Amino acid sequence: MTGLAAAASTTSTGEAFQFWVLGTVAVVGALSTVLMKRAVHSALSLAGTMIVLAVFYLANGAYFLGIVQIVVYTGAIMMLFLFVVMLVGVTAADSLKETLKGQRWLAVGCGLGFGILLIAGIGNASLSSFNGLGAANAAHGGNVEGLANLIFTKYVFAFEITGALLITATVGAMVLTHRERTERAATQRELAEVRVRSGQLPPLPAPGVYARHNAVDIAGLLPDGTPSELTVMRTLRERGQIRDVSDEALADLKALEQRSGERLGRGAGPARGAVGPTPADTTEAVK
């Protein structure tokens, strides 16, 4: 028994190396969680700190707590926070803006109080005698059995109250974030009509190639109304499988320009593809 007590109170070189390396990583991650300006970086730093804590639990023989730390906290809760932050898109300006006056000083006070309690607890645990993890696990046949015995006997009410608070917080978050639409959403046509009535008219299309259909065998139109051969693949041209609907397309373009001219308060002007006066006609008009 004396040898076991001495072995439990001493620290090996591997354990000391593991503690100082992982402890440094955990402290850096915790400070980065508080000091980072972007919320995404803070969430990632907190996830790294939780993974280091899980490694500490596993190294000390608390296998249940280590797996729960990875699966529940790091794998579920922290990833959920990270996805929400990435979807909402919280910027540095939003995170630095204070919505409540004096909340920074209140956070500093709470942090100092928690630090004092943590230091006092660690000091009390290091100065007083304790049984150790091996004796606690052996009393109930294992780490998982001993933890289950404490949760469902001594701390059963605290466990149930914590579960009720978490469920209440989840339901409250769903109620606060849920927005039910009480009116019909406007269609794209209705939104376009509202913009036209308010005077927000788009300009006429720039000269180019105008598609008339989404089929591959219908050629596009050039600004002068002639079909463009480059808009149809060569294989269909060689087979003679090109559909020519130039007259219909020109009529549609003419009607579109007339409607656009009326809405813009000016004459429709010559339609695209329309042939202008010849030099002979111009000479007769001058005579």
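1. The lining of the second largest pocket comprises 15 nonpolar residues, four polar residues and no charged residue. In this division Ala, Val, Leu, Ile, Met, Phe, Trp, Tyr, Cys and Pro count as nonpolar, Asp, Glu, Lys and Arg as charged, and the others, Gly among them, as polar.

2. The basis of the values is as follows. The model is predicted, so local features need pLDDT of at least 70 and side-chain atom pairs count only at pLDDT 80 or more, while totals for chains, interfaces and linings use all residues. Residues are numbered from 1 along each chain as its sequence is written, and side-chain values use heavy atoms, with hydrogens and water left out.

3. The volume of the second largest pocket is about 780 Å³. Of its 19 lining residues, Val-72, Tyr-73, Ile-77, Thr-162 and Leu-166 are the closest to the centre. A pocket is an open set of points on a 1 Å grid over the protein atoms alone, where a 1.4 Å probe fits, with protein on both sides within 12 Å along at least five of seven lines; lining residues have an atom within 4 Å of a point. Points are joined across faces, edges and corners, and the volume is the space filled by probe spheres set on them.

4. Three helices each supply at least two residues of this lining: H4 (63-88), H8 (143-154) and H9 (156-177). The greatest contribution is that of H4, with 10 residues. Helices (H or I, at least four residues) and strands (E, at least two) are DSSP runs, numbered from the N terminus.

5. The protein has 13 helices and zero strands. Of its 287 residues, 15% count as buried, where buried means under 20% relative accessible area, exposed over 50%, and partly exposed in between (1.4 Å probe, protein chains only).

6. Among contacts (heavy atoms within 4.5 Å) between residues at least 6 apart in sequence, 46% join residues at least 24 apart. A separate C-alpha distance concerns Gly-142, which sits in the loop between helix H7 (133-140) and H8. Gly-142 is buried, at 16% relative accessible area. Gly-142 and Tyr-63 are 79 residues apart in sequence, and their C-alpha atoms are 10.0 Å apart in space.

7. The whole structure contains four salt bridges, each defined as a side-chain nitrogen of Lys or Arg within 4 Å of a carboxyl oxygen of Asp or Glu. In the pair Arg-184 and Glu-190, the closest N and O atoms are 3.0 Å apart. Arg-184 is exposed, with a relative accessible area of 61%, whereas Glu-190 is partly exposed at 30%.

8. Glu-193 and Arg-189 form a salt bridge with closest N and O atoms 3.5 Å apart. These two residues are four apart in helix H10 (residues 188-197), and are therefore separated by about one helical turn. Glu-193 is partly exposed, at 30% relative accessibility, and Arg-189 is exposed, at 65%. A network of salt bridges links Arg-189, Glu-193 and Arg-197.

9. Arg-234 forms a salt bridge with Glu-238, with a closest N and O separation of 3.9 Å. Both residues lie in helix H11 (residues 234-239), four residues or about one turn apart, and both are exposed.
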